[in-house]
Amino acid sequence: MTILCVRFQLPPMYEAALPRLLGLLEEFTPVVEALPPDGALADLRGAERYFGRDAVELASVIRVRALALYGVDCVIGAGPGPMLARMALRDARPGLTRAVPEGEEREFLAGKPVAALPGVGTATARTLCEYGLDTLGRVAAAPLSTLQRLVGARTGRELHEKANGVDRGRVVPNGVSRSLAADRPFDRDELDPDRHRRALLSAAEELGARLRAVDKVCRTLTLTVRYADRSATTRSRTLKEPTAHSAALTRTAYDLYEALGLQRARVRTIALRAEGLTSAEQASHQLTFDPVDEKVRRIEEVADRARAKFGPRAVMPGSLAA
């Protein structure tokens with residue numbers, strides 16, 4: 001077991017803490033891949049030799065340091081490769097590392113549904129289940145030629161390897177993601193446009209607060225609307241200027257929504273994504289003499305300080321609407 005998949009138990013608005021937690025992992029290995037908003041992969045092959053401890057022992061040290069230094073608990077999966085570490089993470093609990101020892105990959109995977117394998121979508125899983133290949137153990141035991149006939153040559157080969165525990169993935173060091181997302185699912189399929197707009201307002205305010213917390217601005221805003229029949233519509237718009245201003249994000253989100261022209265659409269989820277993130281210090285801002293705009297920006301500053309002091313629920317969604 002040389003790969004750890006770590007998920008820090010961060011509240012959604014605390015994504016600003018992720019870079020510091022990645023720094024904690026980098027004290028053990030330089031090979032760290034960020035998985036925003038709250039996770040990371042770490043390749044510990046060199047660390048195991050250097051510290052004279054295996055990955056599970058190092059995972060315990062990482063957990064203790066995260067709690068001691070940042071007050072953040074975490075769940076950790078360990079495995080011979082990134083795919084297996086990610087899957088082990090799903091079975092992990094706080095305070096306990098779920099490990100997949102080398103040589104036991106097939107046993108770990110055998111009883112899991114085929115849809116649990118990364119890269120297996122709904123259509124592929126449905127096709128496999130129609131032929132009785134509903135678990136990874138059955139997929140592993142199936143002839144390669146059968147899988148290739150069902151899902152294609154390349155996909156069949158990859159599926160056969162993964163189901164047999166062959167993990168060819170690797171950890172790719174990177175920075176924190178260049179995008180942030182906020183989802184607003186509804187308890188039931190929602191027809192009311194006013195509730196759609198309230199969800200957009202809430203998501204835009206969350207994105208604005210999170211961007212300001214990490215001193216970032218975004219260049220593009222993307223709206224995704226998912227419907228009751230599982231279809232989705234996605235639209236993007238480049239902003240007039242890079243911003244983390246909640247009011248500007250909200251106006252753009254409303255424009256994107258209105259452009260869809262939805263007529264009694266049964267909406268299941270509304271999601272906004274801020275993309276093309278850059279440093280706020282390097283972004284230009286068009287000066288304005290609009291007293292309302294300046295007032296809203298000052299209110300945002302006060303609200304951000306309240307969140308930093310009292311937590312993400314200190315300011316209720318929609319309270320900053322102009």
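Is the crossing of helix 8 and helix 9 left-handed or right-handed? The legend to Figure 1 gives the answer. The model shown in every view is predicted.

**Figure 1. Helix 8 against helix 9.** The crossing of helix 8 and helix 9 is right-handed. Helix 9 covers residues 153-163. The two helices pack at an angle of about 135°, and their axes lie 7 Å apart. That angle makes helix 8 oblique to helix 9. Angles over 145 degrees would count as roughly antiparallel. Helix 8 brings Leu144, Leu147, Gln148 and Val151 to the contact. Helix 9 brings Ala153, Thr155, Gly156, Arg157, Leu159 and His160. By class, the residues of this contact are 5 nonpolar, 4 polar and 1 charged.

**Figure 2. Helix 6 against helix 8.** Here helix 8, residues 144-151, meets helix 6, residues 122-130. Their axes are 10 Å apart, and the packing angle is about 125°. Helix 6 and helix 8 are therefore oblique to each other. Helix 6 passes helix 8 in a right-handed crossing. On the helix 6 side, look for Thr124, Thr127 and Leu128. On the helix 8 side, look for Leu147, Leu150 and Val151. The contact of helix 6 with helix 8 holds 4 nonpolar residues, 2 polar ones and no charged ones.

**Figure 3. Helix 1 against helix 3.** Helix 1 spans residues 18-26, and helix 3 spans residues 55-70. Their axes come within 11 Å and cross at roughly 140°. That makes helix 1 oblique to helix 3. Helix 1 passes helix 3 in a right-handed crossing. Arg20, Leu21, Leu24 and Leu25 make the contact from helix 1. Ile62, Arg65, Ala66, Leu69 and Tyr70 make it from helix 3. Sorted by class, the contact of helix 1 with helix 3 has 7 nonpolar and 2 charged residues, with no polar ones.

**Figure 4. The largest nonpolar core.** In soluble globular proteins, nonpolar side chains tend to be buried together. The largest nonpolar core in this model has 30 residues. Which residues have the most contacts inside it? They are Leu200, Leu207, Leu211, Leu223, Leu249 and Leu272. Helix 10 gives the most, with 7 residues. A second, separate core has 27 residues, including Leu10, Ala40, Leu58 and Ile76.

**Figure 5. Leu211 and its neighbours.** Leu211 is among the residues with the most contacts inside the largest nonpolar core. Setting aside residues up to four places away in sequence, Leu211 touches Leu180, Lys216, Val217, Cys218, Thr243, Ala244, Leu249, Ala274 and Leu277. One of these, Leu249, is also among the residues with the most contacts inside that core.

**Figure 6. Thr250 in helix 11.** Helix 11 runs over residues 246-260 and includes Thr250. Is Thr250 buried or exposed? Thr250 has a relative accessible area of 8%, so it is buried. The cut-off for buried is under 20%. Leaving out residues up to four places away in sequence, Thr250 touches Leu201 and Ala204.

**Figure 7. Val267 in strand 9.** Val267 belongs to strand 9. Its relative accessibility is 0%, so Val267 counts as buried. Val267 and Phe186 are 81 residues apart in sequence, yet 7.8 Å apart in space, C-alpha to C-alpha. Val267 touches Phe186, and also Arg188, Asp189, Glu190, His196, Val225, Arg226, Tyr227 and Leu262, not counting residues up to four places away in sequence.

**Figure 8. Arg264 in a loop.** Arg264 sits in the loop between helix 11 and strand 9. Its relative accessibility is 66%, so Arg264 counts as exposed. The cut-off for exposed is over 50%. Most residues other than glycine have a negative phi. Phi of Arg264 is near 50°, a positive value in a residue other than glycine.

**Figure 9. The whole chain, for orientation.** The chain has 12 helices and 10 strands. Of its 322 residues, 44% are buried. Take the contacts between residues at least 6 apart in sequence: 66% of them join residues at least 24 apart.

Conventions: Residues are numbered from 1 along each chain as its sequence is written. This is a predicted model: local features need pLDDT of at least 70, side-chain atom pairs count only at pLDDT 80 or more; totals for chains, interfaces and linings use all residues. Side-chain values use heavy atoms; hydrogens and water are left out. Helices (H or I, at least four residues) and strands (E, at least two) are DSSP runs, numbered from the N terminus. Buried means under 20% relative accessible area, exposed over 50%, partly exposed in between (1.4 Å probe, protein chains only). Contact means heavy atoms within 4.5 Å. Axes are lines fitted to C-alpha atoms, for helices over the stretch in contact, and angles run from 0 to 180 degrees between N-to-C directions. Angles under 35 degrees count as roughly parallel, over 145 as roughly antiparallel, 65 to 115 as roughly perpendicular and the rest as oblique. A crossing is left-handed if the near helix is turned anticlockwise from the far one by less than a right angle, and right-handed if clockwise. Ala, Val, Leu, Ile, Met, Phe, Trp, Tyr, Cys and Pro count as nonpolar, Asp, Glu, Lys and Arg as charged, and the others, Gly among them, as polar. A nonpolar core is a set of buried Ala, Val, Leu, Ile, Met, Phe, Trp, Tyr and Cys residues joined through side-chain atoms within 4.5 Å.
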